[in-house]
Amino acid sequence: MSPLAGIAGRPRQRAVLLFMLSATYAVNYVDRQILAILLEPIKAEFGLSDAMLGLLAGPAFALFYATMGVPIAILADRRTRTHIIGLALVCFSAATAACGLVTHFWQLLGARMLTGVGEAGTGPASQSIISDLYPPHARGRAQALYAVGVNVGTMIAFLFGGWLAHRFGWRTTFFVLGMPGLLLAPYFFLRGREPQRSVGNATPAPSMAECLRFLRDQKSYRWLVIGSGFSAFSGYGVATFVPAFLMRSHGLDPQQVGMVFAIILGIGGGICTFGSGVLIDRLSRRDARWYMWVPAWGGVVALPFWPGFLLAPDITTAVLAAIVPLSVSAVYIGPCITTIQMLAPPRMRARAAAVQLFLGNLIGLGLGPQVIGLLSDALAPVFGKDSLRYALLAGVAASMCAMFAYWRASRTLIADVARSERYAREA
């Protein structure tokens, strides 16, 4: 047995590793989301259109983030996952800091591409480790605690990032917020002891071709990928351009926008994201389909509040209406991560997560900001500075598509989980 195998049975070490993985996810989101609060000053300095801002926030990051996730996940299914996470932290943190040193727009594009390469190395490996740390009845809460890193990272990006941008400018903001990841990385090289995999480290991992064939035949997995892609389209598209929308249409400055987003996404979003994990752990004991029904209902609850937020004539009404939809915007992450780990046998889990990130982020992160930016430019001759107000409604339409996909995934979920368990036993 591996000397690292016992960590799953040591509550303190297990909790520390989960905390560090969630902290890594938070740093990941700080570096990813900080761009949203900085789009307006970047637009002014380089003279960019909203479509170019969408390219910077979407495809420039997403294509490399999605593409590199698969080969890194193949390594994660075969090699030491904590070391992979440590290397990824160094890469994307250094690339974020480098964004503050650029003098041309193409250099900023290149730095964001490298940020995407680095961030591709943390998610699949982290999710796979957590599935080996916790038994099935506790994975929902564990993965949701990990997913709370999204809310914490977003809160830091908007609150601290907004303050930095307002006081010191966008370049200093990038440089300062690139540092935390470099401080976290040594833990994963020196102290991060990962657990033994559920089927034993000696069990050979199946080939990528076999993995893809297995996932292709999991109907719930296919619909989950589509649903999470549309959720990401809505989430990333809105998170990218809502700060600019609030600055243009309601006259807020970066620090004020950061305060609003930090409170809603950080506190409200953190409660809802963790709450989704608690819900699926409890409700799934009665019916496993709740793993997909919870994110579907999250979209239903948010739906009537979106028009009030985006079309409100005054800032008070807009902020009040924003509380519910922004707070539940990440509730799909924990249930989807948990479900992916159930739908894939242990030696396929990192790659199953990476394939979902690849396809889901091409839909969400790759297209969300870009489509909304293009729509805003197209509507500008009619609506002027309020064009973003109406372009952001595309994110609402995407969330409706996500609800349908989660419902479809729930229909075959029980059978597909049983198929995964059979495969693991027979391997």
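This is a predicted model: local features need pLDDT of at least 70, side-chain atom pairs count only at pLDDT 80 or more; totals for chains, interfaces and linings use all residues.
User: Is α2 mostly covered or mostly exposed, then?

Analyst: Mostly covered, as six of the eight residues of α2 are buried.

User: Let us take α3. At what angle do the axes of α2 and α3 cross?

Analyst: The crossing angle is roughly 25°, and the axes of α2 (residues 50–57) and α3 (residues 59–76) come within 4 Å. Angles under 35 degrees count as roughly parallel, so α2 is roughly parallel to α3.

User: Which residues meet there?

Analyst: On the α2 side they are Gly 54, Leu 55, Leu 56 and Ala 57, and on the α3 side Pro 59, Ala 60 and Phe 61. The contact of α2 with α3 comprises six nonpolar residues, one polar residue and no charged residues.

User: Changing topic: how many cavities does the structure have?

Analyst: A search of the whole structure gives three cavities of 30 Å³ or more. The largest cavity holds about 440 Å³ of space.

User: Which residues lie nearest the centre of the largest cavity?

Analyst: Ser 231, Gly 235, Ser 329, Ala 330 and Tyr 332 lie nearest its centre, out of 31 lining residues. Two or more lining residues come from each of α1, α7, α11 (219–250), α12, α13 (290–302), α15 (315–327) and α20.

User: And which helix supplies the largest share of that lining?

Analyst: Helix α11 does, with seven residues in the lining of the largest cavity.

User: What is the lining like by class?

Analyst: The lining of the largest cavity has 21 nonpolar and 10 polar residues, and no charged residues.

User: How much space lies in the second largest cavity?

Analyst: About 240 Å³. The second largest cavity is lined by 20 residues, and Tyr 25, Tyr 332, Ile 333, Gln 356 and Leu 357 are the closest to its centre.

User: Which helices contribute to the second one?

Analyst: At least two lining residues of the second largest cavity come from each of α1, α6 (123–133), α11, α16 and α17 (349–363). By class, its lining has 12 nonpolar, seven polar and one charged.

User: Now the pockets. What is the volume of the largest pocket?

Analyst: The largest pocket has about 310 Å³ of space. There are 18 residues in its lining, and those nearest its centre are Pro 136, Arg 139, Met 342, Val 417 and Glu 421.

User: Which helix gives the most to that lining?

Analyst: Helix α20 gives the most, namely four residues. Helices α12 (254–283), α16 (333–343) and α20 (393–426) each provide at least two residues.

User: How many charged residues line the largest pocket?

Analyst: Five are charged, alongside nine nonpolar and four polar residues.

User: And what of the second largest pocket: how much space, and which residues are nearest its centre?

Analyst: It has about 240 Å³ of space. Its lining consists of 16 residues, with Phe 19, Ser 22, Ala 23, Ala 26 and Val 152 nearest the centre of the second largest pocket.

User: Where does the lining come from?

Analyst: Helices α1 (11–46) and α7 (139–168) each supply at least two residues. Helix α1 accounts for the largest share, eight residues. In the lining of the second largest pocket, 13 residues are nonpolar, two polar and one charged.

User: How far is Gly 123 from Ala 398?

Analyst: Their C-alpha atoms are separated by 23 Å, and the two residues are 275 residues apart along the chain.

User: And Arg 81, buried or exposed?

Analyst: Arg 81 is buried, with a relative accessible area of 0%. Arg 81 is found in helix α4 (residues 81–99).

Conventions
Residues are numbered from 1 along each chain as its sequence is written. Side-chain values use heavy atoms; hydrogens and water are left out. Axes are lines fitted to C-alpha atoms, for helices over the stretch in contact, and angles run from 0 to 180 degrees between N-to-C directions. Angles under 35 degrees count as roughly parallel, over 145 as roughly antiparallel, 65 to 115 as roughly perpendicular and the rest as oblique. Contact means heavy atoms within 4.5 Å. Ala, Val, Leu, Ile, Met, Phe, Trp, Tyr, Cys and Pro count as nonpolar, Asp, Glu, Lys and Arg as charged, and the others, Gly among them, as polar. On a 1 Å grid over the protein atoms alone, a cavity is a set of points where a 1.4 Å probe fits but cannot get out, and a pocket is an open set with protein on both sides within 12 Å along at least five of seven lines; lining residues have an atom within 4 Å of a point. Grid points are joined across faces, edges and corners, and a volume is the space filled by probe spheres set on the points. Buried means under 20% relative accessible area, exposed over 50%, partly exposed in between (1.4 Å probe, protein chains only).
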